[in-house]
Amino acid sequence: MIEEFKDIMLSKEDSRYQHVQRIVDLLISSNSDLPGVFETEWVVHVVENPDINACALPNGQIFVFTGLLEAALDAHQLSFILGHEMAHALLEHTAEMNSVSHFLDFFFLVSLVIIWAICPVDSLAIMGQWIQSTLKKYMFDRPYSRTLEAEADQVGLQLVAKACVDVRASSVFWKQMEVLGTLSKDTPIPEWLSTHPSHENRADHLDRLIPEAIKLRESCNCPALPFPDPREVFNLTAKQLLQAPENAITANK
Ligand SMILES: [Zn+2]
């Protein structure tokens, strides 16, 4: 991955790189009680790419695209996304995903052998294989991946709460993404087809987790959360934006 992005990585002198590094440093120092956090050598890479994306590998390599830096409105939102990605690495989701996938492959292989033993026609075996791989993709891989996303959101929120981040910014980020999707002409992918939960469901899930995260934040002697609640500010702004005459036709589609 480093090789792939080596020509478009920001230097350590770039202020955008330093911004991400400062946030990661804060998340590490606030969560140094967790063995996974202090045992991992976290390394930040910022990639010049307009995609709104980031990822953290189990070995601690964190990749952040500049598109995400532009999409996140403030350091609180960016902290949450980074916390979410670090949670994936800490929870070893890549390994978990692979082991479930290998188990399912084995299970389907055995059923394929049984089908072929009963009816040894090559075309039937080929069709059986196609049906199985399609079933696996839509019935297991994708919903399972969404479960891991929800888990990373929950743990990520705890990581940032301990760093005194405004945890309410987490759901605002995904609501922003939802509004952006509504305003753009792109048709959203139905949730069951996607490996990730829809932006709206994700924001709702985070809203349910936020009260617990606020309690955790308070127990870490963090300063009081600022007023007004960024979720209320966002709701008001989004309403005005969606009601603007130039957006009404697109938003009502
Ligand atoms: Zn994720």
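H84 counts as buried, at 3% relative accessibility, where buried means under 20% relative accessible area, exposed over 50% and partly exposed in between (1.4 Å probe, protein chains only). The structure is a predicted model, in which local features need pLDDT of at least 70 and side-chain atom pairs count only at pLDDT 80 or more, while totals for chains, interfaces and linings use all residues. Residues are numbered from 1 along each chain as its sequence is written, and side-chain values use heavy atoms, with hydrogens and water left out.

- Helix α5 (residues 75–90) holds both H84 and H88, four residues apart, about one turn of the helix.
- Helices (H or I, at least four residues) and strands (E, at least two) are DSSP runs, numbered from the N terminus.
- Like H84, H88 counts as buried, with 13% relative accessibility.

- In soluble globular proteins, nonpolar side chains tend to be buried together.
- In this model the largest nonpolar core has 42 residues, and V20, L82 and L157 are those with the most contacts inside it.
- Helix α5 gives the most to this core, with seven residues.
- A nonpolar core is a set of buried Ala, Val, Leu, Ile, Met, Phe, Trp, Tyr and Cys residues joined through side-chain atoms within 4.5 Å.
- Not counting residues up to four places away in sequence, L82 touches V20, I23, V24, L27, I62 and V64, a contact being heavy atoms within 4.5 Å.
- A56 sits in strand β2 (residues 54–56) and counts as buried at 9% relative accessibility.
- Leaving aside neighbours within four places in sequence, A56 is in contact with Q61, I62, E85, M86 and A89.
- The C-alpha atoms of A56 and V44 are separated by 9.1 Å, and the two residues are 12 apart along the chain.

**Disulfide and cysteines**

- A disulfide is a covalent bond between the sulfur atoms of two cysteines.
- Counting pairs of cysteine sulfur atoms within 2.5 Å, the model has one disulfide.
- C164 and C222 form it, with their sulfur atoms 2.0 Å apart.
- This link of C164 and C222 is left-handed, with -80° about the S-S bond.
- The pair links distant parts of the chain, 58 residues apart: C164 is in the loop between α7 (122–162) and α8 (169–183), and C222 is in the loop between α9 (199–219) and α10 (230–243).
- C220 is in no disulfide; its nearest cysteine sulfur, that of C222, is 5.2 Å away.
- C164 is partly exposed at 26% relative accessibility, C222 is buried at 13%, and C220 is partly exposed with a relative accessible area of 31%.

**Salt bridges**

- The whole structure contains 10 salt bridges, each a side-chain nitrogen of Lys or Arg within 4 Å of a carboxyl oxygen of Asp or Glu.
- One of them joins K162 and D33, with the closest N and O atoms 3.0 Å apart.
- K162 lies in helix α7 and D33 in the loop between α2 (15–30) and α3 (35–39), so this pair ties together parts that are 129 residues apart in sequence.
- K162 counts as buried at 18% relative accessibility, whereas D33 counts as exposed at 53%.
- R231 forms a salt bridge with D207, the closest N and O atoms being 3.2 Å apart.
- R231 is in helix α10 and D207 in helix α9, 24 residues apart, and the pair links distant parts of the chain.
- R231 also meets D229 in a salt bridge (2.8 Å, N to O).
- R231 counts as buried at 17% relative accessibility, D229 as buried at 12%, and D207 as partly exposed at 22%.
- Salt bridges that share partners join D166, R168, K175, D207, D229 and R231 into one network.
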